[in-house]
2 protein chains.
Amino acid sequence: MVNENTIYIGKKPLMSYVLAALRQINGDEGTVVIKARGKSISRAVDVAEILRHQFVQNASVEDIEISTEKLTSDEGRETNVSSIEILISLGEDDQAGPAGSGIDN
Amino acid sequence: MVNENTIYIGKKPLMSYVLAALRQINGDEGTVVIKARGKSISRAVDVAEILRHQFVQNASVEDIEISTEKLTSDEGRETNVSSIEILISLGEDDQAGPAGSGIDN
């Protein structure tokens, strides 16, 4: 997955990530990757779901990958942490929904 | 996705879900669906990652779906909650590798 279009989910209010993702998917590439680690994973799914159901009706989940990253603490101890990457893009098919019908093909 | 082979992630210790998933994937069908809602979503990813990296080296993630479920509270109020379903199955190819190197792309 590409890096430039990636939104990393942290501890800011959920809507700030939704808006960042919205800006990204409405850009030239028409895609956004939402990425998170550990406990933020559930928030990444929230962002993806809010984005595609409430803001971009013709967006669809292209791919989801999960993996394990090794983090090293300040004391040099290694821990495993799960991560997720959700790739969302503007779909080909124009799902005519009530809110998102303003997009022409 | 099928229902009988589904493990629902709640608040028990992580390892009890890993063991339940292990039992399921080693059964006749060779598949398990790990399902969670809300904050448990990150734990579902943990269970999937521990299962395929530490217990079943030839298991691979076949499919991941995210969705939104409507919950109704006792007072009749509706809230949206994100959910995830992770389908893992025993792969055809026997990835022989040292423990923990089995991250598929």
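**Note on the sheet, helices and chain contact**

1. In chain B, 4 strands make up an open sheet with mixed pairing, ordered β1-β2-β4-β3. The edge strands are β1 (6-8) and β3 (59-72) of chain B; each has a single partner strand, so one side of each lacks a neighbour in the sheet. From one strand to the next, the twist averages 20 degrees. The model is a predicted one.

2. Where β3(B) meets strand β4 (residues 78-90) of chain B, the two pair in the antiparallel sense over 13 bridges. Within this part of the sheet, Ser67(B) is found opposite Ser83(B) in β4(B).

3. Helix α1 (residues 14-25) of chain B lies across β1, β2 (31-37), β3 and β4 of chain B. Relative to β2(B), helix α1 of chain B runs at about 150 degrees.

4. In chain A, the axes of helix α1 (residues 14-25) and α2(A) come within 9 Å and cross at roughly 55 degrees. The two helices, α1(A) and α2(A), are therefore oblique to each other. The crossing of α1(A) past α2(A) is right-handed. From α1(A), the contact involves Leu14(A), Tyr17(A), Val18(A), Ala21(A) and Leu22(A); from α2(A), the residues include Arg43(A), Asp46(A) and Phe55(A). By class, the residues of this contact are 9 nonpolar, no polar and 2 charged.

5. Between the chains, 16 residues of chain A are in contact with 16 residues of chain B. On the side of chain A that touches chain B, α2 (41-55), β3 (59-72) and β4 (78-90) of chain A each provide at least two residues. The most come from α2(A), with 7 residues. That side of chain A comprises 7 nonpolar, 6 polar and 3 charged residues.

How values were computed: Residues are numbered from 1 along each chain as its sequence is written. Chains are lettered from A and ligands numbered from 1 in the order in which they are written. This is a predicted model: local features need pLDDT of at least 70, side-chain atom pairs count only at pLDDT 80 or more; totals for chains, interfaces and linings use all residues. Two residues are in contact if their C-beta atoms, placed from the backbone, lie within 7 Å. Ala, Val, Leu, Ile, Met, Phe, Trp, Tyr, Cys and Pro count as nonpolar, Asp, Glu, Lys and Arg as charged, and the others, Gly among them, as polar. Axes are lines fitted to C-alpha atoms, for helices over the stretch in contact, and angles run from 0 to 180 degrees between N-to-C directions. Angles under 35 degrees count as roughly parallel, over 145 as roughly antiparallel, 65 to 115 as roughly perpendicular and the rest as oblique. A crossing is left-handed if the near helix is turned anticlockwise from the far one by less than a right angle, and right-handed if clockwise. Two strands pair if DSSP finds at least two bridges between them.
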